[in-house]
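Here is a friendly briefing to read beside the model. Have the sequence and the 3D view ready as you go.

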Amino acid sequence: MYWIGIGIWVLNVALTAVSYVYPVPVVPWFLLFFGWTVLVHIVAGGNENELNMIRSFAPKPFRQISAVCTAYTAFNFVLCMILLREGGPGIENGQYALMNHGFVRYISREEFERLSLIESRLFTGHFLVFTANSMQVLAGRRQCKQS
């Protein structure tokens with residue numbers, strides 16, 4: 001599971017990088033990353049105190065990666081929410097639109113594409129904290145077993 005955890009985190013980092021130039025479909029990746037996080041927490045014990053103890057055994061680079069991903073996620077979330085404050089991109093009646101709680105404003109294709117990238121980056125960046133945390137738990141668990 002350790003190497004799978006690293007692979008899933010690397011995949012998440014790659015998707016986040018891709019989301020800067022191409023809108024990534026969110027739902028299938030959400031299912032993978034969320035399902036993986038739940039699985040890791042169930043396998044590792046699920047209890048928050050146990051998980052914190054296991055995380056503390058992770059080698060320093062894993063703790064640093066997790067901290068950097070947490071900081072990036074927080075910054076990315078705030079920035080994307082500011083950029084999407086007027087609503088999210090969508091298609092209404094065959095036209096590109098900005099949708100915000102039932103209000104619709106039609107937009108250009110360029111604006112739709114720009115906002116789609118931001119929305120994609122919001123979600124892929126948000127998953128980073130979870131996949132990094134799962135990787136840290138697995139690294140700590142591996143370290144405990146080797147000791």
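The points below go from the overall layout to the sheet, the cores and the salt bridges.

This is a predicted model, in which local features need pLDDT of at least 70 and side-chain atom pairs count only at pLDDT 80 or more, while totals for chains, interfaces and linings use all residues. Residues are numbered from 1 along each chain as its sequence is written, and side-chain values use heavy atoms, with hydrogens and water left out.

**Overall layout**

- The protein has five helices and three strands; these are DSSP runs numbered from the N terminus, with helices (H or I) of at least four residues and strands (E) of at least two.
- Along the sequence, the elements follow the pattern α-α-α-α-β-β-β-α.
- Taken along the principal axes, the box filled by the C-alpha atoms is roughly 60 × 25 × 25 Å.
- Of the 147 residues, 39% are buried; buried means under 20% relative accessible area, exposed means over 50%, and partly exposed lies in between (1.4 Å probe, protein chains only).
- The accessible surface comes to about 8,600 Å², and 67% of that belongs to carbon and sulfur atoms; areas come from the Shrake-Rupley method with a 1.4 Å probe, and for residues only the protein chains shown count as cover.
- Contact here means heavy atoms within 4.5 Å. Among contacts between residues at least 6 apart in sequence, 69% join residues at least 24 apart.

- The three strands make an open sheet in the order 1-2-3, with antiparallel pairing; two strands pair if DSSP finds at least two bridges between them.
- Strand 1 (88-92) and strand 3 (103-106) are the edge strands, each pairing on one side only.
- On average, neighbouring strands of this sheet are turned by 40° against each other, direction ignored. For such angles, axes are lines fitted to C-alpha atoms (for helices, over the stretch in contact), and values run from 0 to 180 degrees between N-to-C directions.
- Strand 1 and strand 2 run antiparallel and are joined by five bridges, and I91 stands opposite Y96 in strand 2.
- Two residues separate strand 1 from strand 2 in their hairpin, and N93 in the turn has a positive phi of about 55°.
- Strand 2 (residues 95-100) pairs with strand 3 over four antiparallel bridges. M99 has V104 in strand 3 as its bridge partner, and L98 stands opposite R105 in strand 3.
- The hairpin of strand 2 and strand 3 also has two residues between the strands, and H101 there takes a positive phi near 50°.
- Helix 5 (residues 109-146) packs on the sheet and touches strand 1, strand 2 and strand 3. The direction of helix 5 makes about 130° with that of strand 1.

**Nonpolar cores**

- In soluble globular proteins, nonpolar side chains tend to be buried together.
- A nonpolar core is a set of buried Ala, Val, Leu, Ile, Met, Phe, Trp, Tyr and Cys residues joined through side-chain atoms within 4.5 Å.
- The largest such core has twelve residues, including I8, F33, W36, I54 and F127.
- Helix 1 (2-18), helix 2 (26-44), helix 3 (48-56) and helix 5 are the elements that give two or more residues to this core. Helix 2 supplies the largest share, four residues.
- Leaving aside neighbours within four places in sequence, I8 is in contact with L32, F33, W36 and T131.
- Another core, of ten residues, lies apart from the largest one; A58, F62, L128 and A132 are among its members.

**Salt bridges**

- How many salt bridges does a search of the whole structure find? There are three, each being a side-chain nitrogen of Lys or Arg within 4 Å of a carboxyl oxygen of Asp or Glu.
- R105 pairs with E86, the closest N and O atoms being 3.2 Å apart. R105 lies in strand 3 and E86 in the loop between helix 4 (60-83) and strand 1, so the pair ties together parts that are 19 residues apart in sequence.
- R105 also meets E111 in a salt bridge (3.8 Å, N to O).
- R105 is partly exposed at 40% relative accessible area, E86 is partly exposed at 47%, and E111 is partly exposed at 23%.
- R109 and E113 form a salt bridge at 2.8 Å, N to O. Both lie in helix 5, four residues apart, about one turn of the helix, and E113 is partly exposed at 37% relative accessibility.
- Through shared partners, salt bridges join E86, R105 and E111 into one network.
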